Amino acid sequence: MNRFQKLSVATTAMTMFLIGVGGTVRASGSGLGCPDWPRCHGKWYPPLTFHSIVEYSHRTAASIVIVLVLATAAYAWVRYRSVATIFWPAFSALIVIGFQAFLGELVVKSKLNPHLVVVHFATSLALLALVTLTTVNSFRPRGGRFGPLAKEAAGVAAGTAVVAILGAYVTQWNAALVFADWPLFDGRVIPPFAGHPGAVIQFVHRLAAALLGVAIIHLAVRMTRAKARKPLLILGWVAVATWALQAVAGAAQIWTSLSAWAVAAHVLGGGGLWGAAVALAFASYRLTAGSPRPGSPGSGVGGPEGGGPDGGGSQRAERPGGSVGSRVRAYFLLTKPRVVELLLITTVPAMVVAARGWPSVGLILATLVGGSLAAGGAGAINCFVDRDIDDVMERTHSRPVPAGAIEPPRALVFGIVLEVLSFAFLALTVNVLAASLAVGATVFYVFVYTLWLKRATPSNIVIGGAAGAAPVLVGWAAVTGHVGLPALVMFAIIFYWTPPHFWALSLRYTEDYAAAKVPMLPVVRGPEATARHIVLYTLSLAGISLVLYPVTPMGPIYLVSALVLGGLFVRRALALQRRPSDPREAMRLFHFSIAHLSLLFVAMAADRLIGGSFGSAETAVQGAVFVAGAVAFCVSQAAIGYEALRWRRAGGGEPRAAAFLDKKASPSHP
């Protein structure tokens, strides 16, 4: 298994464990062991009482699942964005678990409202289905057929969901012991339904469970006779065994008058049966004749994992005169959607920090739509201006303009139209400052970076990074109507993140840039000097990330995240410095940098939404963190200045850059 497959399997297993812990909470009556949320009796650790510890263990397990789901989504976004069958389930799981956490808060504050409890349980089943789908697709993302076996397996999965929801209502209506025996109903096959409102739901639940067992056994036998593939046979008979154990656990609940172990086993068995049924349904669809195997052409898994912002992988489009769909796709690719994704993922956290909570949904959507138009327009204009470079470079020659899918003048007009729409939309729905910042970033990106710096100096991406940092200013201005100091620090975080991020990519594609005569730092100064600069800028980034903590101020969640992510980034940069000519090490840093920025801004939003502090030591911690961050930033910047001075004194600068490019482009230097 590759790393993503291991991560997705771990996420699925931990989600299953979480459902089991939830069953333990229900069985022990510990649902209100922590009567407040997210703390427990006003503290971040539970009191040493049984019910509090049991309930807090559930929250701890949920926190681990959140981290795993977030890591899976981030990994999928970094490596598998082009594989929809992997990316979208992973991303959807992130949304679902956020909704589930919100429901968990409502359940506690409503004092275990039965309907909310059932919805919370159903959401956990949806989460398990999504992480299971991610796991199945990570092994076989493409191919498949919705044949008879797949249809029957899908029916079994649907039936499992129905039985599970009915079981949740049996518990919430206190109907588990309506009948004192099992499998009969007070000695009858069909009981009288008068006398207890839960009698009907209990009868329907048992009947549905029995029919589900028949369906599961029929499916397993049918797969065996059809000589289905081994994974399907294993899943099929695992589902049969799980259903049998689940039936015994259900009977044990009645025989032991709802003993805690029986209730917990029944809930865990239900989760296990649901997971097996979902995996069986998805695998039945995927494992059909002609499906590509992992690592084979078209499978999308097991080969090089790549693709990142600004074209970490080729984007192919149709030639002019193709179908309407192919033309729409070409125009969509013209906007560099992967870059837009990365820009927007920093906008929402900036808005959350500015609002000290969730802004209105309408404001968020308006800002994202307007920001997407501006970023897409910038990408389209950049494709027009750089079409000569893109045509030479292997990494970019399949973009819509050099590939001939869109004529250059149309690309330029399309980009300008998007910018006009962006300004008008943001000015009308948000405010003029946000509109001006969004379009102003495009002007800087096109005229300062693309037309001037990119082709003139190895420092192009250092200064040009300001354009990519503008979305946080747009988000802040959308909420507050002005640009505050915290927004400027967030701007600086992205500004100093951009050079190590992009230099890592340019290390991988040095020959591309040399062929196009673009004086990127690795082309002009070589991999060793570039790796040194990456380390220094990463230290600057780590320092400025810490400075945000006292300036905003943030809380423990952000501080711990900044320390851990910054340390990992520096560690990865040092690994690259040890092997600066290894393109695999460069791409590892490139991919990690995307995850770093995403997780850091997610941590900002989580910190603002959840809260927390160091209490009376808060001021001292803020002062110490500010000094540490400022020292790291200043020392690294001084080292960067010293590097530049040495380069100048050694005869570097623009003339040497031009000569180096001419040399790289000569026949004697392929």
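Reader: Where do Trp88 and Phe91 lie, and how many residues apart are they?
Author: This is a predicted model, and in it both residues sit in helix α3, which covers residues 84-109. Trp88 and Phe91 are three residues apart, about one turn of the helix.

Reader: Why does that spacing matter for which way residues point?
Author: An α-helix has 3.6 residues a turn, so residues three or four places apart point the same way.

Reader: How many aromatic pairs are there, and what about those two rings?
Author: The count comes to 13 aromatic pairs. Trp88 and Phe91 make an edge-to-face pair, with 5.9 Å centre to centre and 85 degrees between the planes.

Reader: OK, and how accessible is each of them?
Author: Trp88 has 48% relative accessibility, so Trp88 counts as partly exposed. Phe91 is also partly exposed, at 34% relative accessible area.

Reader: Now Phe491 and Phe495. Why is that pair called stacked?
Author: Their ring centres are 6.3 Å apart and the planes are at 20 degrees, so the pair counts as stacked. The cut-off for stacked is planes under 30 degrees apart.

Reader: Where do Phe491 and Phe495 sit in their helix?
Author: They are in helix α16, residues 485-508, four residues apart, which means about one helical turn between them.

Reader: Buried or exposed, Phe491 and Phe495?
Author: Both Phe491 and Phe495 are buried.

Reader: Which residues do ring pairs link into a cluster with those two?
Author: Ring pairs link Phe491 and Phe495 with Tyr496, Trp503, Tyr537 and Phe633 into a cluster.

Reader: Switching to charges. Which ring does Arg387 lie over?
Author: Arg387 lies over the face of Phe384, at 4.4 Å from the ring centre.

Reader: And Arg395, which ring does its charged end sit over?
Author: That one is Tyr509, with the charged end of Arg395 at 5.6 Å from the ring's centre.

Reader: What lines the largest cavity?
Author: Its lining has 45 residues, and nearest the centre are Val339, Leu343, Tyr445, Ala467 and Gly468. By type, the lining divides into 24 nonpolar, 14 polar and seven charged residues.

Reader: Which helices supply at least two residues of that lining?
Author: Those are α10 (337-355), α11 (361-385), α14 (432-450), α15 (460-480) and α16. The most comes from α15, with eight residues.

Reader: What about the second largest cavity, what volume does it have?
Author: About 40 Å³. The lining of the second largest cavity is Ser8, Thr11, Val69, Thr72, Ala90, Ala93, Val131 and Thr134. Two or more of those residues come from each of α1, α2 (50-79), α3 and α4.

Reader: How do the lining residues of the second largest cavity divide?
Author: Into four nonpolar and four polar, with no charged residues.

Reader: And pockets? How much space lies in the second largest pocket?
Author: About 390 Å³. The second largest pocket is lined by 19 residues, and the closest to its centre are Thr132, Thr135, Val136, Leu235 and Ala279.

Reader: Which helix gives the largest share of that pocket's lining?
Author: α8, with six residues. Helices α1 (3-28), α4, α7 (230-255) and α8 (260-286) each supply at least two residues of the lining. The lining of this pocket divides into twelve nonpolar, five polar and two charged residues.

Reader: Let's look at α4 itself. How many of its residues are buried?
Author: 19 of the 26 residues of α4 are buried, so α4 is largely enclosed by the rest of the structure.

Reader: What should α4 span, and how far apart are its ends?
Author: At 1.5 Å a residue, the 26 residues of α4 (114-139) should span 38 Å, and the end C-alpha atoms are 38 Å apart, which agrees.

Reader: What about the ends of α11?
Author: The 25 residues of α11 should span 36 Å at 1.5 Å a residue, and its end C-alpha atoms are 36 Å apart, in agreement. α11 is mostly covered, with 19 of its 25 residues buried.

Reader: Last one: where does Gly143 lie?
Author: In the loop between α4 and α5 (148-172). Gly143 is partly exposed, with 31% relative accessible area. Its C-alpha atom is separated by 8.0 Å from that of Leu287, 144 residues apart along the chain.

Notes. Residues are numbered from 1 along each chain as its sequence is written. This is a predicted model: local features need pLDDT of at least 70, side-chain atom pairs count only at pLDDT 80 or more; totals for chains, interfaces and linings use all residues. Side-chain values use heavy atoms; hydrogens and water are left out. The expected span of a helix is 1.5 Å times one less than its number of residues. Buried means under 20% relative accessible area, exposed over 50%, partly exposed in between (1.4 Å probe, protein chains only). Rings of Phe, Tyr and Trp (its six-membered ring) pair if their centres lie within 6.5 Å; planes under 30 degrees apart count as stacked, over 60 as edge-to-face and the rest as tilted. A charge sits over a ring if NZ of Lys or CZ of Arg is within 6 Å of the ring centre and within 35 degrees of the ring normal. On a 1 Å grid over the protein atoms alone, a cavity is a set of points where a 1.4 Å probe fits but cannot get out, and a pocket is an open set with protein on both sides within 12 Å along at least five of seven lines; lining residues have an atom within 4 Å of a point. Grid points are joined across faces, edges and corners, and a volume is the space filled by probe spheres set on the points. Ala, Val, Leu, Ile, Met, Phe, Trp, Tyr, Cys and Pro count as nonpolar, Asp, Glu, Lys and Arg as charged, and the others, Gly among them, as polar.
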